[in-house]
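Try each task yourself before you read the solution.

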Amino acid sequence: MQPSELIPERFRDGAQRMAAALRGVDRVVVAAHVNPDGDAVGAMAAAGHILRALDREFFLYVTPRVPQDLSFLPLPGTAHTTLERLPFTPRWALLLDCGEPRRLGQELADRLPELESLNIDHHLGGDGMGSAGNWVEPQAAATAQLMAYVALAAGLPLEGGLATAVTLGLVTDTGGFRHGNTSADVLRLAAHLVEKGSDLAGVREKLDSNWSQARMHLWGELMRRAELRRGGTVAFCPVRLDDLRATGALKEDLEGFVEQLRQLRGVRAAALLREDAPGCCKFSLRSCGTVDVRAAAAALDGGGHRNAAGGTLRMGMPEAEETLLNALARELDSEGL
Ligand code: 5GP
Ligand code: MN
């Protein structure tokens, strides 16, 4: 099999379009969504490797920073956490895994009108975000998967740092090849990466065996607190600012916790509600199979995917809890569950 044959038929046109577009850009700021996860950082790093191979000038922009547990990924350049003091004045922006303009972060959102932009994503929505081109594929498991296809369409081998970056994105957004988005295409791509020497087990090891004691204590506390609601069909857990303070854990230590809630028998949807500041709460929703938590998140002005979605509620914890659980109940009711 030729490496380019790894690009599924339905993604071929988009991959070629983006590969051609990337040859035409220069002085590019490469950015993903705020508070980046493994797919956001992986897709950004992959884009950097591609742009470097194409001899384009770029810098990576991450806000507020690369989370500590993803810092093992070697990046193809400095990750700038602000758009002040840049190596050059950007003319282009490459937006990755963002979902919607609000998730770019204020600094870049403010600068975006001055820039030509390309947008590559696997979230529903945000389709018109790139002024010079969009490739949005909700059928893709990860934005890093799409970046692998862009690389292949550009004739670049999936090796070295590029392969590791794609591997990280795939592992993160498929929950270690367990979620419903783990398609045959994803597995074929992962097999190719492993064949080319990508250290899949090493990436898993770095992600899984990198916990602080504070994180362990926080998870222990939250597991004890997890509640069943709506006759056992919804699992819910609130996290207050004081919980982080008490354990010394960071916000990013909550990454992955909501998946634990989904493991409870009989649960169709899991909800984590985190107090970010007084009067401002972030929610994370997860489901299995056909249960659509994106619809519940969208009703609250959030977004994401059918089985993983999130958003922000500008209200205090008690009101946010009621609002979130009502939206979830409405969605489950409408699905007859
Ligand atoms: P998480 O719960 O892990 O933060 O996010 C789960 C999914 O929902 C991800 O695909 C993420 O991009 C999306 N998501 C989380 N928060 C928001 C939000 O505020 N707005 C939108 N549109 N999507 C979100
Ligand atoms: Mn993603």
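A donor here is an N, O or S atom within 2.8 Å of the metal, or 3.2 Å for Na, K and Ca; water is not among the atoms, so a site may look incomplete. Keep in mind that this is a predicted model.

**Exercise 1.** Find the protein donors of the manganese ion (ligand 2) and work out how they are spaced in sequence.

*Solution.* Next, read along the chain, and the pattern comes out as D-x57-D-x24-H-x50-D. Now place two of them: D39 is in helix α2 (residues 38-53), while H122 is in the loop between β5 (116-121) and β6 (133-136), so this pair ties together parts 83 residues apart in sequence. Last, check burial: D39 and H122 are both buried.

**Exercise 2.** Describe how β5 and β6 pair, and which way the residues of β6 point.

*Solution.* The two strands run parallel, joined by 4 bridges.

**Exercise 3.** Characterise the shell around ligand 1.

*Solution.* Count first: 14 residues surround the ligand, with E100, R103, H123, S284 and R286 the closest. Sort them and you get 2 nonpolar, 8 polar and 4 charged. By strand, β12 gives the most, with 4 residues. For contacts, a polar side-chain atom of H123 lies 2.8 Å from a ligand oxygen. Finally, the protein covers 85% of the 500 Å² of accessible area that ligand 1 has on its own.

How values were computed. Residues are numbered from 1 along each chain as its sequence is written. Chains are lettered from A and ligands numbered from 1 in the order in which they are written. This is a predicted model: local features need pLDDT of at least 70, side-chain atom pairs count only at pLDDT 80 or more; totals for chains, interfaces and linings use all residues. Side-chain values use heavy atoms; hydrogens and water are left out. Buried means under 20% relative accessible area, exposed over 50%, partly exposed in between (1.4 Å probe, protein chains only). Two strands pair if DSSP finds at least two bridges between them. A residue is near a molecule or strand if one of its heavy atoms lies within 4 Å of it. A polar contact is a pair of N or O atoms within 3.5 Å; within protein, one must be able to donate a hydrogen and the other to accept it, and residues adjacent in sequence count only if both atoms are side-chain atoms. Accessible areas come from the Shrake-Rupley method with a 1.4 Å probe; for residues, only the protein chains shown count as cover. Ala, Val, Leu, Ile, Met, Phe, Trp, Tyr, Cys and Pro count as nonpolar, Asp, Glu, Lys and Arg as charged, and the others, Gly among them, as polar.
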